[in-house]
Amino acid sequence: MAVTEADNPLLGEITCGTLLQKLQEIWDEVGESDEERDKLLLQIEEECLNVYKKKVELAAKSRAELLQTLSDANVELSNLIAALGDKSYIGIPDKTSGTIKEQLSAIAPALEQLWQQKEERLREFSGVQSQIQKICEEIAGGLSNGPLVVDESDLSLKRLDDYKSKLQELQKEKSDRLNKVLEFVSTVHDLCAVLGLDFLTTVTEVHPSLDEANGVQNKSISNETLSTLANTVLTLKEDKNQRLKKLQELATQLTDLWNLMDTPNEERELFDHVTCHISASVHEVTVSGALALDLIEQAEVEVDRLDKLKASRMKEIAFRKQTELEEIYARAHIEIKPEVVRERIMSLVDSGNTEPAELLAQMDGEIAKAKEEAFSRKEILDRVEKWMSACEEESWLEDYNLDQNRYSASRGAHLNLKRAEKARILVSKITAMVDTLVAKTRAWEEDKSMSFEYDGVPLLAMLDEYTILRQEREEEKRRQKEQKKQQEQPHTDQDTSAFGSKPSPARPASAKKPVGTRANGGGSNETPIKRLSMNGNKSKRDSLNKLTSPSNLGAVSKEDAASPVVASP
């Protein structure tokens, strides 16, 4: 730094030349010898040289340090690029010329950015590897693989992707294992529910983490846990199979005993939870407690009780089945001799020579045979019922037509009028009913090679006799109608001459006159209908007897004369 004269009035601008000049002036003024002067100048020159040497050494040392720093930076840059695996990094300076500081200034930003990228990549590697290590420990059953160490020599994206792929595979394996564990646990839960076992105790014996209180992600997925769960499920399934087999055996015994003793449904319903699985497969039994040990023990006790009760109730059961058999035959209108059968049953039971099961099986066979025979007769019996109902309506229609006030405005008259119209239609179909019934009966007899009897009377004979009597009644009806026309002819001529028109057919002149034909006619009231089932409807039999009696034939002609509407078949 130059010292101005303002600072030192003795000196102007200080330079080496001015200082040497000033020194020369001082020496001249002092009177220094040339030898002394040369000596001093040499000393000054040596001192200056030493100062320059030190400065040069310092500069050389600084340059060497800068070169080392630049070299280290280049090495670090190369290492980072190699570790990150990105050889085409955009921020790397291309020039290798220029001053050292310029080169350092150019490489510093790239180096800083690579360091940041390395730190970020290290965090990614650490996160992925820590997850991999955790899943591996879970699969291994909690065995630790030591502290996590990240290899910083290779932080490339390719290696990171490899780790991520491995992590995805492990995550999938963990998910599959977890699903398998949950499936096993669910199966154990269902099996324990069916078998009446404590689920929590059973599942925590496999592994404490399988408790429902623990979260799903906290459950053990180790090989040992999966293996133990599989064995537990296998054991429970085998236990379920054995218990179901035992329960089905007991249910079969119960059913046989119930059927043998005709146990009422109220008592059977108490063991519905046992018998409902009598033919079920293992997979179909899912009700909680269905195969509990106490339930099986309860069924065993009931089987023992029924076995002891069986002998004392055989006679009652046999008579009950005989009553059922008699009722089937009665409904089918088949005559049997129940007294003989009951005496035979009594002797068999008292003698003890026949096994109760064999006797009841024989009676069940007879009941099945009776039901089959009754079923084969059902269609014909239904038609007989319809025929008898039609005859009953015909009887009612006769009484209705004899009622002189049937067209009055009394209460319920319109309902009787509607019934009469329906009855006329039904009565018109009786002939067709009988013909169809005859055809069906003959076909049945040809198929069975036996006579169709209705309460011991051949049905065809009843129908033939009914047909003959009905034809006779129709003939009598037509004869009486002709007589009535002849009797009413003079009145019709007088009315025509007086008023020029005929009276309304709804109100004939003779409608209020009593019908006297009920006292006329011959023949007996005994008809085939009287020989119908004594178990049948009494009103229907009376109606049929009344209709087929010749003394009632006149009512039909009254119907034709007084009815406002004549129904067509």
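Reply: Gladly! α4 passes α6 in a left-handed crossing, a term used when the near helix is turned anticlockwise from the far one by less than a right angle, with clockwise being right-handed. This is a predicted model, in which local features need pLDDT of at least 70, side-chain atom pairs count only at pLDDT 80 or more, and totals for chains, interfaces and linings use all residues. Residues are numbered from 1 along each chain as its sequence is written, and side-chain values use heavy atoms, leaving out hydrogens and water.

Me: At what angle do α4 and α6 pack, and how far apart are their axes?

Reply: Two packed helices are described by the angle between their axes and the distance between the axes. Here α4 (residues 157-195) and α6 (residues 223-261) pack at about 25 degrees, with axes 10 Å apart. That makes α4 roughly parallel to α6 (angles under 35 degrees count as roughly parallel).

Me: Which residues of α4 and α6 meet?

Reply: Contact means heavy atoms within 4.5 Å. Among the residues of α4 that meet α6 are F184, V188 and L191, and the α6 side includes L229, V233 and L236. By class, this contact has 13 nonpolar, three polar and six charged residues.

Me: Where does H333 lie, and is H333 buried or exposed?

Reply: Buried means under 20% relative accessible area, exposed over 50%, and partly exposed in between (1.4 Å probe, protein chains only). H333 sits in the loop between α10 (314-331) and α11 (338-351) and counts as buried at 12% relative accessibility. H333 is not a glycine, yet has a positive phi of about 55 degrees.

Me: What is the phi of D455?

Reply: Phi of D455 is near 55 degrees, a positive value in a residue other than glycine. D455 lies in the loop between β1 (453-454) and β2 (457-458) and is buried, with a relative accessible area of 12%.

How values were computed
Axes are lines fitted to C-alpha atoms, for helices over the stretch in contact, and angles run from 0 to 180 degrees between N-to-C directions. Helices (H or I, at least four residues) and strands (E, at least two) are DSSP runs, numbered from the N terminus. Angles under 35 degrees count as roughly parallel, over 145 as roughly antiparallel, 65 to 115 as roughly perpendicular and the rest as oblique. Ala, Val, Leu, Ile, Met, Phe, Trp, Tyr, Cys and Pro count as nonpolar, Asp, Glu, Lys and Arg as charged, and the others, Gly among them, as polar.
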